[in-house]
Each structure stands twice: as structure tokens, then as C-alpha cells.
Amino acid sequence: MNKFLRNAGVAAMALGVAASASALSLNGAGSTFIYPLASKWFYEYNQNTGVEINYQSIGSGAGIKQLQAGTVDFGASDAFMSSEQISQTPGGNVLNLPATMGAVVIAYNVPGVDTGLHLDGKTLAMIFMGDITNWNAPEIAAMNPGMSLPNLAITIVHRADGSGTTNIFTNYLTKVSTEWAGTVGTATAVKWPTGVGAKGNEAVAGVVRQVSGAVGYVELAYVIQNKMTYAFMKNRSGHFVEPSIDSVSKAADGALATMPDDFRVYFTNAKGAESYPICGFTWFLVPSHFSDPAKGKAFVDFLNWSMDQGQKEAPSLNYAPLPDSLVSKIKDKIATITY
Amino acid sequence: MIIPTAPVRARTDLIMRGLCWAAMALALVPLISLLYLVVSKGLHRFDLDFFMHVPRPVGIPGGGMANALVGTLVLVLIASLFGMPIGVAAGLYLAEFGGGRFASAVRFWADVLTGVPSIVTGIFAYDILVKPMHSFSALAGGFALGTMMIPIIARITEEVVRLVPVSLREAALALGIPKWKSIIHVVLRTAMSGVATGLFLGATRVASETAPLLFTSFNNQYWNTSLGQPTASMTVQIFTYAISPYEEWRDMAWTGALVLLIIVLLASLASRLTLSKNRGANL
Amino acid sequence: MTGSAPVNSAKNDTIGAIKAGPGGFAPGLGAVRNPGDKIFRAILAAAAASIPLLAFAILAMLFVSSLPVLNQTGIYFFVRKEWDPVAQQFGALAFAYGTLMTSLIALLVAAPAGVGIALAITEFSPLKAREWAAWIVETLAAVPSVIFGLWGLFVLAPFLHQYVDPLLMRVPGKPFFAGPDTGLSLFTAGMVVAIMILPTVMAVCREVFNAVPNSLRESALALGSTRWEAVRLAVLAPSMPGIIGAVILAMGRALGETMAVTMVIGNAPQIVSNLLGPADSLASAIANQFTEATSDMHLSALTALGFLLFGITMVLNIVARLLVWAVARRMQHVAVK
């Protein structure tokens with residue numbers, strides 16, 4: 001078997017070399033949040049142009065770190081880079097370009113409870129702080145009359161790695177719970193009061209599915225893909241909203257009015273009757289200057305493609321397409337990239 | 001005259017012996033469970049696509065782990081390129097000139113290095129190659145694996161070469177062959193099957209490693225054609241797919257595990273057979 | 001093996017009395033003036049030297065990279081509970097706890113089981129079955145860690161979570177199994193590692209038991225002992241240091257186990273007596289956080305964890321070697337009697 005594989009491997013490599021002799025390849029790393037969509041984009045772009053964009057979903061925090069270390073050409077993150085972080089990259093300047101928007105969904109595994117559990121920010125914070133430890137707690141029951149909640153211990157599942165998803169989630173909790181703001185705060189990696197850690201959106205989804213009584217925060221695409229059960233969150237206007245592309249877009253509409261020039265803003269707990277309260281951008285972290293002109297041109301090409309063709313594919317994968325007005329602003333920014 | 005054993009002692013005898021056999025059976029349960037799991041789940045995607053194609057995004061059928069297979073081969077090749085010669089040479093030194101304190105120190109450090117967790121070797125390779133090169137690379141991954149190979153191969157080579165009888169060496173010298181020639185042409189040649197087994201074991205052992213590759217060779221969705229770029233590998237890909245929430249990826253993780261297991265078990269079986277043949281020949 | 005007849009060769013090289021020295025060659029031969037010999041020996045020596053050099057290089061690199069966090073926190077780093085990447089406060093204790101507890105659980109299970117299996121193979125089995133029985137258990141050793149992790153994650157963890165943990169939680173008065181149990185826990189990790197180190201314990205014990213001369217066993221049987229008593233008196237008793245050596249060797253492997261542990265331990269750096277809850281280990285912390293350490297201090301802290309791991313395995317290695325060597329000497333004395 002070994003020899004067969006070796007011979008096959010050599011043949012394959014020879015073919016591989018021949019086929020991609022002229023193939024340009026770029027390396028990127030970061031957000032797991034955007035992974036299902038980004039990998040589709042890169043695959044299709046590769047089919048069209050032959051350019052290989054190798055993206056590893058190791059977490060937003062890791063993406064930022066590797067960009068700073070210069071081991072990747074670009075990053076992707078659900079937490080925008082701070083000015084300090086940007087200054088520590090090889091080129092000294094990085095553009096945060098919104099690529100898509102997604103919802104952070106509260107997924108749970110509670111026997112007898114289907115999708116649609118009503119939760120609000122304060123209760124959610126209490127659960128994740130370990131103040132509420134059982135599914136039949138009065139706070140949860142109060143919002144869900146008519147639902148029979150079992151006597152089951154709550155197991156929190158959070159991210160073990162530095163994550164932009166965590167950032168969006170904790171950003172929301174900080175806004176709605178003064179206790180959370182005081183004890184835990186907002187960051188890509190926080191000191192969790194309780195719970196089990198898993199690596200990546202993928203793993204959190206995996207663990208929640210496995211452990212009865214588990215609850216975790218996961219990106220919408222993963223939840224839909226895996227047919228998980230999830231909660232409807234109470235938004236600022238008092239309505240319980242289902243996470244969906246629509247409710248994310250509604251939330252973003254509100255944010256457009258006050259969008260800063262460099263696109264670095266969070267729109268959790270947004271205004272609007274139909275806005276979903278826990279959502280955010282995923283940004284591509286792109287150096288403003290590429291030292292390799294071939295790479296620079298290829299990636300700029302890709303970015304423009306993602307703004308046109310790419311956005312059209314977002315809904316099929318449960319990501320919200322960017323509003324048109326925003327897209328034209330982003331394209332203007334893309335045009336400033338030099339190589 | 002047969003003195004009957006007191007019933008308490010006879011019972012203890014049976015219980016303790018029974019416990020030992022129970023332990024044996026207990027060790028077999030996870031092994032059988034594991035084999036059953038890997039085979040039954042791995043067969044599902046054991047198809048041509050798996051061996052011919054690179055990974056595809058979720059929702060698009062026909063993806064495979066072909067690049068990971070080749071990647072592991074490439075990494076083991078790089079590791080072997082410097083790991084094997086240095087390991088064999090070191091083992092030869094220990095066997096042929098290995099009496100003094102220097103040799104004892106070498107043996108001690110070889111044992112320490114074989115016991116060190118492979119993730120530490122990964123950190124080392126990251127500091128030495130990835131940071132300065134500003135890139136994850138197949139080279140860094142191969143380097144990490146190669147440094148792990150050296151002490152393993154050195155120790156096995158030493159053991160095997162020591163088994164070559166003195167009479168053979170003396171005969172070579174009696175014919176007037178210089179010592180260094182006799183080591184290569186007579187001693188090493190005689191021990192060759194054992195040494196080859198050692199090389200084989202060293203290669204399979206590093207092929208099974210995951211941790212050191214996580215931050216050296218990283219991972220790659222495409223065919224990798226450059227040593228200075230990240231490359232896919234069986235172990236890392238299996239790990240990545242296993243913790244993913246997608247059914248189709250988890251299926252491929254099992255198939256990857258099945259392929260890896262087949263390779264490793266075959267190698268282990270082969271080494272056992274050649275080693276026992278070797279032992280027999282030298283008695 | 002020793003002789004004293006001088007041998008003359010046609011090539012005028014004078015060879016003195018041939019007595020087997022280290023490495024199998026007559027010592028006088030080293031003095032033969034063949035330049036090829038000197039060069040060859042130098043090359044081999046250089047290759048051999050690469051091993052301690054490598055070890056020192058790794059140690060040096062680990063130490064230098066650990067300096068930033070050690071400068072900040074001092075030696076206290078190694079016994080500190082805090083692990084807060086946000087506040088940049090790091091300490092190794094929670095991970096050391098996870099590593100040690102996992103290994104302890106693994107050893108408590110694997111040591112008696114390994115000794116039992118080794119006994120079953122060496123003492124209670126028919127001769128022909130022995131090689132193959134040993135091979136079957138050693139196959140476990142050949143299985144890559146990541147596959148054990150897969151099995152642990154998808155088979156063992158749910159199994160323990162569903163059937164075993166509830167039973168354990170009923171055991172009265174023990175803080176160890178207080179629950180809640182998450183399936184991914186110290187206990188699960190310990191069990192997976194136990195199965196992984198079982199072959200190590202078994203293989204070394206086999207060597208040790210085989211080294212016990214038959215005369216001892218026969219004497220015990222001649223005095224009327226049962227088979228088990230013969231084993232207890234004649235094999236286990238004198239082999240104790242060797243068994244301990246085997247256990248320590250296995251502990252070294254358990255401490256360093258990375259992938260399988262990472263997948264089932266739950267990744268929560270905390271120190272609690274509840275074994276059924278999640279924890280974290282030195283190796284899995286490094287595996288999880290290395291590529292995403294967002295600050296240099298964080299990276300330095302992780303490298304310091306690696307340094308600690310290297311140190312622990314080195315010390316264990318020394319202790320194990322001494323013990324196995326001690327038992328070999330003991331056996332020689334016994335055999336001479």
C-alpha cells in the first residue's frame with residue numbers, strides 16, 4: 001500500500017506541478033465565522049482564474065497574529081483591528097474591508113425544546129456567567145410560558161481560541177448587562193466564568209450537538225448546516241427576533257447612518273423593530289500595499305469579484321449580503337490598494 | 001504424596017489469574033472498538049475521489065484528501081533526507097566506538113529526546129524556521145519531523161549493529177580491510193535488514209505525528225508545489241475535519257484515519273516480521 | 001570472545017592481541033594509521049554529537065523564548081493559577097494540574113492493567129501464543145494519537161457521559177465525582193491516555209519479567225505455592241523496581257500526550273476537584289493557542305509551558321533509567337546465586 005501510494009503520490013505531484021506551474025498562490029488565515037462562505041468564494045475564484053487562495057480558519061485572533069508575523073498575505077476577522085494592532089503589521093497599514101455580515105446564534109441541545117426559545121440579553125449574560133445553572137430556571141420559564149423546560153443542568157460551550165465571534169458576542173453582552181461589563185468584558189478571548197472550551201465555530205457546534213443541556217454561541221451558517229436548535233433573542237425594541245439574513249440586514253441598515261470611513265464599527269443591539277441583536281461584520285484584513293505586485297493584483301481582483309459576484313452567493317449559505325451603498329464605498333477603498 | 005492446597009489460597013490463585021486475563025480482555029475492547037469504528041465509518045468515503053481530489057467546500061461533492069496524502073509523503077521525505085543518514089551514522093558511532101563518556105551522554109540525550117512531547121519540537125521548528133522565513137512551510141514541518149527521527153533511528157541502529165558478531169568484524173580485518181571500510185561493507189551490510197526496520201519504524205512514527213505540524217507546515221487546501229509554502233498532511237487534515245460540524249467532512253476524517261491506520265499497521269506488522277527474522281538469523 | 005593470537009595481514013598493518021573492546025573491535029586497531037579511519041570516525045562522531053547538540057538547542061530556544069514572561073512573573077509563574085490573555089497575566093498551574101491529573105488517572109488504570117497483561121502473557125500463557133498476544137497489545141501503541149482522539153471524542157466521551165459518569169456520581173462522599181459531567185473532562189482524557197500508555201507498561205514489564213530467572217519460579221512452586229503465589233513471590237517481588245521504572249516511563253508518555261487529550265479534555269483552564277468537569281493540559285494549551293497568541297507575552301507564556309514540559313519529561317526519564325538499571329543489576333546478582 002505504501003509503495004502504491006508513493007508512486008501515485010509522485011505521479012500526482014508531477015501532474016500537480018505541471019497543472020499549477022503558473023498558478024499564483026496566496027495564504028490567508030483567520031475567522032471561522034466566515035469560513036463556509038469564504039471557502040466557497042476561493043474555490044469558485046480558483047475555478048475561474050486558477051489563482052489559489054489558501055485560507056485556514058484558525059480563529060480571528062490567530063489571523064490577526066499571523067498577519068502581524070508576516071506569515072500570511074491577508075487575514076479575516078470578526079473583530080476589527082485596533083490602531084495599535086495595525087501599526088504592528090509588516091507594512092504598518094492594514095485595511096479592514098467588510099466582506100459579509102452574519103448572526104451569532106445561541107444554539108442549544110435541550111431535549112423537548114425546539115427552535116424558538118425566547119431569551120433576552122440579561123438572562124443570557126446570567127447563563128454565561130454561571131448565575132443560572134438549570135434549564136428550568138424561573139428567568140427562562142418566565143419568557144417562555146407554555147414551554148416545558150426540563151430539569152437539566154446547563155453546560156456552557158465557548159471558544160477556546162481567540163475569536164471574532166466571541167468578540168461580537170461579548171460586545172453584545174457588555175452592552176446589555178452591567179454585571180458582565182464589570183466582570184468579563186469584551187475581547188476576542190476572555191476569561192470565561194464557566195464552561196467548556198472548543199476550538200472554532202465548528203467545534204463549538206460539534207460539542208453542543210453532543211452534550212445534552214449544552215448551550216453555545218455559533219455563527220448562523222453552522223447552525224443551519226447542522227440543523228441545530230436555536231434561540232430567538234429579544235432586541236432593543238422588545239421583540240423576540242429570529243436570527244436570519246433579513247434580521248441581520250435590518251440591523252445593518254441602522255448602522256449605515258453612522259458608518260465610519262474605515263468601516264470599523266460593531267452594530268450589536270441595533271435599533272429597529274426587526275433587527276437581530278447579535279450580529280456583525282466579518283472584515284478582510286488587507287495590507288494597503290502588497291510588496292508582490294502579482295499577488296497584489298490577484299487579490300484586488302478577488303476582492304472586487306467578492307463585492308459583485310460573491311455577495312450574490314451569500315444568502316444561499318445563510319450570510320447576509322452587504323447593502324449596496326456600502327459596497328460602493330468598499331470598492332472605492334479597494335481601489336486605494338497599491339502593489 | 002500430593003498435599004492439597006488450602007481452599008482460600010486456591011481461590012485467590014484463580015481470582016488473581018482471572019483478573020490478569022480480564023485485564024487482557026479489557027485492553028482488547030478499546031482496540032476492537034477503535035478498529036471497528038475506523039473501518040466501518042471510513043469505508044463510506046473510501047473511493048477514488050478521496051485519493052484523487054483536493055478538499056472541496058462544504059456542499060460541493062467529490063472532495064478528497066489527495067493533497068494531504070502527498071503532503072505527508074513529502075514531509076516524511078524531507079525528514080528522512082537528513083534524519084536517516086544522521087540517525088544511522090550516530091547509531092553506528094554508538095555501536096562501534098561507543099565506550100566512553102561522550103557516547104553515554106549521547107545515549108542519554110537520545111533517550112530524553114525520544115521522550116519529549118512532539119509539540120515542543122514544533123515550537124523549536126517554529127522559532128528556527130517559520131519565524132525567520134515569515135512563512136509556514138513544508139520545510140519547517142519536515143525539519144520538525146526529522147529532528148524527531150534522529151534519536152529513534154540512532155538507538156535502533158545501535159541495538160541492531162551491536163548484534164553483528166565480533167567474528168565477522170575480525171574476519172574483515174584479518175583480510176586487511178581498513179576499519180572504516182569493514183564497518184560499511186561488512187558490519188552495516190550484515191545489519192542492513194535490522195537497520196532498514198529501524199528506518200521504517202522511524203518513518204511511520206513521524207508520519208503519525210500531528211502536534212508539531214500544527215504550526216510548522218500549517219495546512220493547505222491545494223496541491224503544494226513549493227517547499228517554502230504550507231502543505232497539507234494526513235494527520236492535520238484528519239484533526240481539522242474531525243472537529244468540524246459537517247457530516248461530509250467528518251466522513252472524510254474517518255476515511256483518512258482508515259488510510260493512516262492501514263499504513264501504520266502494515267508497517268508495524270512488517271517490522272515485527274523482519275525483526276524476528278533478523279533475531280533468528282543471528283542466533 | 002577473547003583471544004590472543006596475533007594476526008598478520010598482507011597490507012603490513014600490525015594488529016595486536018584481539019580482545020573484544022567496546023564496539024566489538026580490538027582496541028589496538030584504533031591506532032592503525034589509515035587516514036580513512038580517522039575521517040570516518042570523525043564523521044560518525046559529528047553525527048552522534050548532533051543529538052546532544054539538538055537537545056541543548058531546544059532547551060536554549062525554549063528558555064530564551066520564555067524569558068519575557070519569566071521576567072514579568074518570576075519563578076512564581078510555574079505555580080500561578082491565572083491565565084488571562086486579555087489582562088496579560090499568565091501562570092502554569094492550571095495546565096500543570098490538568099496534565100498531572102490526567103496522567104495520574106491514566107497510570108492508576110494502566111499500571112495494574114499493564115502488569116496484569118504482562119503477567120498473563122509471560123506467566124500464564126502457552127509458549128506459542130506469547131509473541132502474538134504481545135503483538136496484539138502493541139498494535140495499540142502503533143495507532144496514531146489523532147485517531148485515538150477521534151475515538152475518544154466520538155465513542156468514549158459519549159459512552160462515559162451516558163453510562164459511566166452517572167454511576168460515578170452516585171458514589172457517596174467523594175468530591176472527585178461531584179459532577180456536573182460534561183463528557184469532555186479530565187476523567188475522559190485520563191481514560192483515553194490510559195489506553196494509549198497500556199502497551200508501554202506492558203512491554204517493559206514483559207522484559208522485566210522475562211529477565212527473572214526460572215530458578216526462582218521453580219523454587220516457589222517446589223515449595224508448594226499456587227501459580228499466583230509463585231508469581232507474587234518469585235516474579236513480582238524482585239521486579240518491583242523494574243515495574244516502577246515501566247510505570248515512570250509510561251508516565252513520561254502520558255505527560256506529553258497532546259492530540260488525544262486536546263480533543264477530549266474540555267479546554268477550560270481551571271483547578272477543581274471534580275474530575276468529571278473540563279480542564280486543560282500543558283500540551284493541549286500549546287496546541288490550541290500557539291498560532292493565535294495575540295501578544296508576545298502570550299507566546300512567551302506558552303513557550304514557558306513547553307519548557308516546563310521538557311523539564312518534567314527529562315527528570316522522569318532520568319529516574320526511570322536509574323530504576324530499570326537497578327533491577328537489571330539485581331537480577332544479575334540473583335542469577336549468580
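**Definitions applied to a three-chain model**

Mentor: In chain A, 73% of the contacts between residues at least 6 apart in sequence join residues at least 24 apart; two residues are in contact if their C-beta atoms, placed from the backbone, lie within 7 Å. This is a predicted model, in which local features need pLDDT of at least 70 and side-chain atom pairs count only at pLDDT 80 or more, whereas totals for chains, interfaces and linings use all residues. Residues are numbered from 1 along each chain as its sequence is written, while chains are lettered from A and ligands numbered from 1 in the order in which they are written.

Trainee: What share of the contacts in chain C with a separation of 6 or more comes from residues 24 or more positions apart?

Mentor: The share in chain C is 72%. Its secondary structure comprises 10 helices and four strands, where helices (H or I, at least four residues) and strands (E, at least two) are DSSP runs numbered from the N terminus. Chain A has 13 helices and 11 strands.

Trainee: How do you know how compact chain A is, relative to a globular protein of that length?

Mentor: The test is the radius of gyration, taken over C-alpha atoms, against the globule rule of 2.2 Å times the number of residues to the power 0.38. The rule gives 20 Å for 339 residues and chain A has 21 Å, a close value, so chain A is as compact as a globular protein of that length. The C-alpha trace spans about 65 × 60 × 35 Å along its principal axes.

Trainee: Which class, buried or exposed, does N318(A) receive, and why?

Mentor: N318(A) has 22 C-beta neighbours inside 10 Å, so it counts as buried. It lies in the loop between α12 (293–313) and α13 (324–334) of chain A, with a positive phi near 70° in a residue other than glycine.

Trainee: What makes strand β8 (residues 214–219) of chain A mostly covered?

Mentor: Six of the six residues of β8(A) are buried. A214(A), G216(A) and V218(A) point one way, and V215(A), Y217(A) and E219(A) the other.

Trainee: How do you know which way strand β4 (residues 94–108) of chain A runs relative to β8(A), parallel or antiparallel, and how many bridges join them?

Mentor: Two strands pair if DSSP finds at least two bridges between them. Five bridges join β4(A) to β8(A), and these strands run antiparallel; Y108(A) stands opposite V215(A). Strand β6 (residues 155–159) of chain A runs parallel to β8(A), joined by three bridges, and T155(A) has A214(A) as its bridge partner.

Trainee: What makes the length of helix α5 (residues 118–133) of chain B agree with expectation?

Mentor: The expected span of a helix is 1.5 Å times one less than its number of residues. The 16 residues of α5(B) should therefore span 22 Å, and the end C-alpha atoms are 21 Å apart, which agrees.

Trainee: Where is the kink in α5(B) centred?

Mentor: The kink, about 40°, is centred on Y126(B); the bend at a residue is the angle between axes fitted to the seven residues ending there and the seven starting there. Y126(B) is also one of the buried residues of α5(B). H134(B), which follows α5(B), has a positive phi near 55°.

Trainee: How many residues of chain B are in contact with chain C?

Mentor: There are 79 residues of chain B in contact with 80 residues of chain C. Helix α1 (residues 7–42) of chain B supplies the largest share of the chain B side, 19 residues. By class, that side has 56 nonpolar, 13 polar and 10 charged residues, where Ala, Val, Leu, Ile, Met, Phe, Trp, Tyr, Cys and Pro count as nonpolar, Asp, Glu, Lys and Arg as charged, and the others, Gly among them, as polar.

Terms used. A residue is buried if 20 or more other C-beta atoms lie within 10 Å of its own, exposed if 12 or fewer, and partly exposed in between; C-beta atoms are placed from the backbone.
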